[in-house]
Amino acid sequence: MPELKIELTKNPKPKPTDETKLGFGHVFTDHMFVMDYETGKGWYNPRIVPHGPIQLDPAAMVLHYGQEIFEGLKAYRTPSGKIQLFRPWDNFKRMNISNERLVIPPIDEEFALQCLVKLIEIEKDWVPHTDGASLYIRPFIFACDPYLGVRPGDKYMFMIILSPSGAYYSTGLNPVGIRVESKYVRAVKGGMGFAKTGGNYASSLIGQHEAHKENYAQVLWLDGVEKKYIEEVGSMNIFFVIGDEVVTPELQGSILDGITRRSAIQLCRSWGLKVSERRISIDEIADAYKNGSLKEVFGTGTAAVISPVGHLKWDDMVMEINNNKIGEISQRLYDTLTGIQYGKLPDEFGWTMEVK
Ligand SMILES: *Cc1c(COP(=O)(O)O)cnc(C)c1O
């Protein structure tokens, strides 16, 4: 393994004084991780350096053709003041799945995790103390060769930046409104939907923009072929409780294999609930709503953990879910997942990793 070099800042920033005003993704810590890649040389020069602007040629390939991937995870402070990560190995594994789809050279997952742990050890005082707040971790890789031809890059940068963040939704765990998008699509089978890459987000911005105009917080995407089957919420996977069945769309190539999704499925099954990963049409949801069997709808993702859906708008139909209140299963999942993440509940699944 190459040696990790460390250059500490001479100008540490003041830590945020009011952690309730952090929001999401505005504030960054003092240091970041960087590693370079060149064809023939492999990944080299891993380093922790002061957080700051980077130099990039205006012809850098990522700026033109979008060859990049990213991850998102969090560091949590436990009541005893320790810091822990939640299933971090799953994020680095997924990073390589995304890398493969975008023809980005694979990283050494174990080494990347070691570098992240070192970075968090250096930045440990930046991990918020407030309930619900955490240190958001953003690893990402992009092609940086100055070249305007279309081909996979020969040069890449792998970076990790850290952002102390408050609760993702400013309204807390209050149910959100979601608009089913029936004009645009996010991804198709054979496309990049299963990869965590900026391109999927670029493609989803217009739907989000339209939803916001109608005062809906997020978009529920339908499949790109028939616009009939439910996919995901763009930054969250989606779950429905229909009768006594917990249902979520199966992983078929166009949606992300969320780590929170995986954890929610495991938890529900451990509670003896029936969980199905299968195709769900929007008509099935509308029918379940009409006959009263649609009990809960919620999104899952690292940022929000569990996001209950209070209203689901599909064309002219507005479904009010569970009287716009958080449902029993949503609440139990939220309490259990955050309990494990913040070290307040025993970690029976071996999901957490302690950082010194
Ligand atoms: C990151 C992401 C999710 C949620 O995944 P988690 O691993 O649970 O954070 C869901 N959908 C998309 C498109 C994403 O990018």
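Asparagine 45 is partly exposed, at 26% relative accessibility. Here "buried" stands for under 20% relative accessible area, "exposed" for over 50%, and "partly exposed" for anything in between, using a 1.4 Å probe and protein chains only. Asparagine 45 isn't a glycine, yet its phi is positive, at about 55 degrees. You'll find asparagine 45 in strand E3, residues 42–50. Strands (E, at least two residues) and helices (H or I, at least four) are DSSP runs, numbered from the N terminus.

Lysine 227 is another non-glycine residue with a positive phi, near 50 degrees. Lysine 227 belongs to the loop between strand E10 (218–220) and strand E11 (237–242), and with a relative accessible area of 35% it counts as partly exposed.

## What you're looking at

The model is a predicted one, where local features need pLDDT of at least 70, side-chain atom pairs count only at pLDDT 80 or more, and totals for chains, interfaces and linings use all residues. Residues are numbered from 1 along each chain as its sequence is written, and side-chain values use heavy atoms, with hydrogens and water left out.

## Around the ligand

How many residues surround the ligand? There are 15, and the closest are Lys196, Tyr201, Glu232, Thr260 and Thr302. The shell splits into four nonpolar, seven polar and four charged residues.

Oxygen atoms of the ligand lie 2.8 Å from a polar side-chain atom of arginine 94 and 2.7 Å from one of lysine 196. On glutamate 232, a side-chain N or O atom is 2.5 Å from a nitrogen atom of the ligand. The protein buries 96% of the 380 Å² that the ligand exposes when taken alone, with areas from the Shrake-Rupley method, a 1.4 Å probe and, for residues, only the protein chains shown as cover.

## Aromatic rings

The structure has 11 aromatic pairs. Rings of Phe, Tyr and Trp (its six-membered ring) pair if their centres lie within 6.5 Å; planes under 30 degrees apart are stacked, over 60 edge-to-face, and the rest tilted. Phenylalanine 33 and phenylalanine 158 pair edge-to-face, 5.4 Å centre to centre with 80 degrees between the planes. This pair links distant parts of the chain, 125 residues apart: phenylalanine 33 is in strand E2 (residues 31–38) and phenylalanine 158 in strand E8 (residues 155–165). Both are buried.

Phenylalanine 349 and tryptophan 351, by contrast, are stacked, at 4.4 Å centre to centre and 15 degrees between the planes. Is phenylalanine 349 buried or partly exposed? It's partly exposed, at 30%, while tryptophan 351 is buried at 3% relative accessibility.

## Charges over rings

Lysine 41 has its charged end over the ring of tyrosine 44, 3.9 Å from the ring centre. Arginine 279 does likewise over the ring of tyrosine 229, also 3.9 Å from its centre. The cut-offs: NZ of Lys or CZ of Arg is within 6 Å of the ring centre and within 35 degrees of the ring normal.

Definitions and conventions: Near = heavy atom within 4 Å. Polar contact = N/O pair within 3.5 Å; in protein donor to acceptor, adjacent residues only side chain to side chain. Nonpolar A, V, L, I, M, F, W, Y, C, P; charged D, E, K, R; others polar.
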